[in-house]
Amino acid sequence: MSKLRIPTLAPIALAATLLGGAAIAAGINSDAQGPQEGEQKEQPGEHAEEGEHGGVLHESMESLQKNMKGLRRLLGKPEAKEQALTMCAEMEMSAISGFMNPPESPDGLEGAELRAYQADFKKRMLKVTETIIDLELAFDSGDADAIKKIYRSLGANKKEGHDIYIK
Ligand code: HEM
């Protein structure tokens with residue numbers, strides 16, 4: 001009988017993400033001390049100050065990218081399933097972290113318009129998450145054609161999102 005596979009780090013990172021919006025799937029943040037006195041903790045929907053890391057959304061995108069590249073090398077290797085599933089789990093955390101940190105409006109949108117802009121973004125990140133879950137299932141089934149097809153749709157999710165949200 002098949003067992004439900006729950007990535008061991010997922011609940012921890014997701015909880016951290018929901019609490020602070022600052023945990024990203026690239027790793028459980030090594031900045032364990034959190035904000036120092038007088039520092040403002042970043043809230044979901046905000047970008048961090050420009051700096052070394054460029055904000056939570058940027059970090060989550062970099063993590064998606066790193067794992068997508070890694071997965072590309074594993075597409076025709078069913079024997080590398082465990083490695084692929086680990087990458088998928090990390091991507092799911094990154095996508096949820098992105099969901100929690102939508103971009104600010106580049107056009108000075110406010111109120112309902114800004115909400116609509118960010119709501120569409122969030123739905124797209126959920127779609128990315130769903131596609132990655134499908135990819136996990138395809139790796140489990142060992143169906144190489146399905147794996148490649150779903151990987152391509154992940155690329156399409158990315159392109160559509162970037163066409164709208166990166167000017
Ligand atoms: C697996 C899917 C995706 C991957 C691998 C990915 C990858 C990336 C990468 C590498 C960057 C940094 C680009 C740079 O700095 O030059 C980026 C930025 C960005 N992406 Fe994605 N992306 C994905 C999906 C999406 C989707 C679906 C959306 C919109 C709904 C989106 C919106 C953005 C935005 C707004 C930025 C700029 C954020 C920032 O760097 O501060 N991405 N993405």
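Reader: What percentage of the 167 residues in the protein is buried?
Author: Buried residues make up 26% of the 167. A residue is buried if 20 or more other C-beta atoms lie within 10 Å of its own, exposed if 12 or fewer, and partly exposed in between, with C-beta atoms placed from the backbone. Keep in mind that this is a predicted model: local features need pLDDT of at least 70, side-chain atom pairs count only at pLDDT 80 or more, and totals for chains, interfaces and linings use all residues. Residues are numbered from 1 along each chain as its sequence is written.

Reader: Ok, how many helices and strands does the protein have?
Author: Five helices and zero strands. Along the sequence the pattern reads α-α-α-α-α. Helices (H or I, at least four residues) and strands (E, at least two) are DSSP runs, numbered from the N terminus.

Reader: How do α2 and α3 sit relative to each other?
Author: Their axes come within 9 Å and cross at roughly 160 degrees; α3 covers residues 81-100. Axes here are lines fitted to C-alpha atoms, for helices over the stretch in contact, and angles run from 0 to 180 degrees between N-to-C directions. So α2 and α3 are roughly antiparallel to each other. Angles under 35 degrees count as roughly parallel, over 145 as roughly antiparallel, 65 to 115 as roughly perpendicular and the rest as oblique.

Reader: And which residues make that contact?
Author: From α2, they include Leu57, Met61 and Leu64, and from α3, Met87, Met91 and Ala95 are among them. Two residues are in contact if their C-beta atoms, placed from the backbone, lie within 7 Å. By class, the contact of α2 with α3 has nine nonpolar, seven polar and one charged. Ala, Val, Leu, Ile, Met, Phe, Trp, Tyr, Cys and Pro count as nonpolar, Asp, Glu, Lys and Arg as charged, and the others, Gly among them, as polar.

Reader: What about α4 and α5, at what angle do they pack?
Author: About 170 degrees, with their axes 9 Å apart. That makes α4 roughly antiparallel to α5. Residues that meet there include Phe121, Val128 and Leu135 in α4, and Ile147, Ile150 and Leu154 in α5. The contact of α4 with α5 divides into 12 nonpolar, five polar and three charged residues.

Reader: Switching topic: which residues are closest to the ligand?
Author: His58, Met61, Arg124, Lys158 and Gly161 are the closest, out of 21 residues that surround the ligand. A residue is near a molecule or strand if its C-beta atom, placed from the backbone, lies within 6 Å of it.

Reader: Which helix gives the most to that shell?
Author: α2, with seven residues. α2 (56-72), α4 (111-141) and α5 (144-165) each supply at least two residues. The shell has 11 nonpolar, seven polar and three charged residues.

Reader: I clicked on Lys148. Where does Lys148 lie?
Author: In helix α5. Lys148 is partly exposed, because 13 other C-beta atoms are within 10 Å. Lys148 and Gly76 are 72 residues apart in sequence, but 8.2 Å apart in space, C-alpha to C-alpha.

Reader: And where is Leu126?
Author: Leu126 is in helix α4. Leu126 is partly exposed as well, since 14 other C-beta atoms lie within 10 Å. Its C-alpha atom is separated by 9.3 Å from that of Gly98, 28 residues apart along the chain.
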